[in-house]
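I opened the model today and kept notes as I went. The entries follow in the order I looked things up.

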Amino acid sequence: MEGGESSGKRASAEEEGEVLMMMQDGGGGGGALVAAESMAPAQIDVRMDLTLLHCQGCLLPLKPPVFKCEAAGHVVCYHCRAVHGTICSRASTHCGELDAVVGAAKVPCPYRVFGCERHVVYHEAADHQRACQCAPCSCPDPACGFAGSRAALLDHFAAVHRRPAVTVRYSRARDIGLSVSHRWNALVGEEDGSVFLVSLGPLGAATAVSLVCVRPDGEAAPQFWCKLSVERLGGNNRDRLVLMASAVSSSALSTGAPAPGQGMFLAVPQELLSGDTLTLTVRIDLIRSAAAAPKSTTPQARTPRRMQ
């Protein structure tokens with residue numbers, strides 16, 4: 001291990017299969033070392049081979065409890081210890097020392113360049129990365145290469161594109177006047193700051209209107225339900241109305257705003273426009289069942305790999 005690496009060396013270390021971590025100093029020692037320990041940092045940055053933190057059976061990151069086989073000293077996770085006997089010998093020895101190491105080894109969030117200052121336990125890094133609020137999303141403007149956190153994206157919309165986000169409250173309808181010459185517009189949930197993109201584009205003689213939730217984990221299950229409608233008083237005092245309701249898909253906007261007619265959309269006839277303006281009624285509801293669903297506590301099986 002090496003200490004005190006510069007930020008320039010950090011990137012190269014990660015590319016070479018090494019990881020820079022923050023290790024917690026557990027303290028301890030006799031009274032003669034009290035003065036020295038009080039001057040020592042509580043944490044230090046170290047660099048180690050990334051494979052040392054992975055199970056030698058399934059090759060996934062180790063997390064407590066960690067076990068070791070008696071025959072060759074292979075280090076395996078809880079899921080692989082039972083089947084390890086078919087490869088080498090049963091890994092029945094619990095390594096409490098390694099539990100402490102893998103439980104204390106932390107790495108910086110990969111999105112620190114976008115503002116995340118957290119250091120997370122290595123075996124929890126993938127979960128943090130999926131949920132990190134600083135994970136980047138892209139500006140939907142095809143001529144703009146900006147990418148940043150959702151909060152930074154809202155500031156970018158207002159400052160650079162002069163399109164401040166419209167605040168909406170969940171489970172309440174709101175009328176929003178949109179210019180069809182503007183390809184996209186942003187909404188933000190008052191309750192939790194979630195960002196939504198309303199896209200408009202020509203679809204034959206109509207205008208296609210769609211809504212997506214802007215979030216980096218674009219493949220995640222929908223968290224919102226929306227209802228879009230456009231209404232205008234027609235001849236003989238009769239209203240004309242088009243309406244659609246659907247679960248809200250997610251996108252990091254890495255390929256720009258959704259194309260007209262892609263995914264869920266509302267087709268608005270030309271006669272429901274007022275010149276260049278489309279008055280859209282938007283209602284967004286949080287899908288409570290998804291938010292309240294309990295997480296599974298059943299351990300997931302891991303596939304053992306043959307030792308080299």
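**Notebook: cysteines, cores and strands**

I began with C95. I find C95 buried, because its relative accessibility is 9%. This is a predicted model, and I read every entry below with that in mind.

**Cysteines**

How many disulfides does the structure hold? I count 0. I then checked C55, which is in no disulfide. Its nearest cysteine sulfur belongs to C58 and is 3.8 Å away. The cut-off for a disulfide is 2.5 Å between the sulfur atoms. C55 itself is buried, at a relative accessible area of 1%.

**Nonpolar cores**

I moved on to the largest nonpolar core. It has 27 residues. Which members touch the most others? They are L211, L280 and I284.

I looked up L280 in detail. I left aside its neighbours within four places in sequence. What remains in contact with L280 is R174, D175, I176, L178, V198, V209, L228, S229, V230 and L266.

Another core lies apart from the largest one. I count 18 residues in this other core, among them C58, L62, C80 and V120.

**Strand β13**

Is β13 enclosed or open to the outside? I find 6 of its 6 residues buried, so the strand is largely enclosed by the rest of the structure. Next I checked which way its residues point. W184, A186 and V188 point one way, and N185, L187 and G189 point the other way. All of them are buried.

I then looked for partners of β13 (184-189). Strand β11 (166-168) pairs with β13 in the parallel sense, over 3 bridges. V168 stands opposite G189 there. With β14, strand β13 pairs in the antiparallel sense, over 5 bridges. I logged two positions on this pairing. A186 stands opposite L197. V188 stands opposite V195.

β13 and β14 form a hairpin, with 5 residues between them. In the turn, G193 has a positive phi of about 75 degrees.

**Strand β14**

β14 is largely enclosed too, because 7 of its 9 residues are buried. I followed it into β15. These two strands pair in the antiparallel sense over 9 bridges. Which residue of β15 is the bridge partner of P202? It is T207. β14 and β15 also form a hairpin, here with 2 residues between them. G204 in that turn has a positive phi of about 65 degrees.

**Three-stranded sheet**

I turned to an open sheet of 3 strands. Its order is β5-β4-β6, and the pairing is antiparallel. Which strands are the edge strands? They are β5 (75-77) and β6 (93-94), and each pairs on one side only. Strand β4 (66-68) runs antiparallel to β6, with 2 bridges joining them. I noted F67, whose bridge partner in β6 is H94.

Helix α4 (96-104) packs on this sheet and touches β4, β5 and β6. I recorded the angle between the directions of α4 and β4 as about 135 degrees.

**F146**

My last stop was F146. Where is F146 found? It sits in the loop between β9 (137-138) and β10 (147-148). F146 is partly exposed, with a relative accessible area of 28%. I also took its spacing to P136, which is 10 residues away along the chain. Their C-alpha atoms are separated by 9.5 Å.

For the contacts of F146, I did not count residues up to four places away in sequence. F146 then touches C137, S138, C139, A152, L153 and H156.

Methods: Residues are numbered from 1 along each chain as its sequence is written. This is a predicted model: local features need pLDDT of at least 70, side-chain atom pairs count only at pLDDT 80 or more; totals for chains, interfaces and linings use all residues. Side-chain values use heavy atoms; hydrogens and water are left out. Buried means under 20% relative accessible area, exposed over 50%, partly exposed in between (1.4 Å probe, protein chains only). A nonpolar core is a set of buried Ala, Val, Leu, Ile, Met, Phe, Trp, Tyr and Cys residues joined through side-chain atoms within 4.5 Å. Contact means heavy atoms within 4.5 Å. Helices (H or I, at least four residues) and strands (E, at least two) are DSSP runs, numbered from the N terminus. Two strands pair if DSSP finds at least two bridges between them. Axes are lines fitted to C-alpha atoms, for helices over the stretch in contact, and angles run from 0 to 180 degrees between N-to-C directions.
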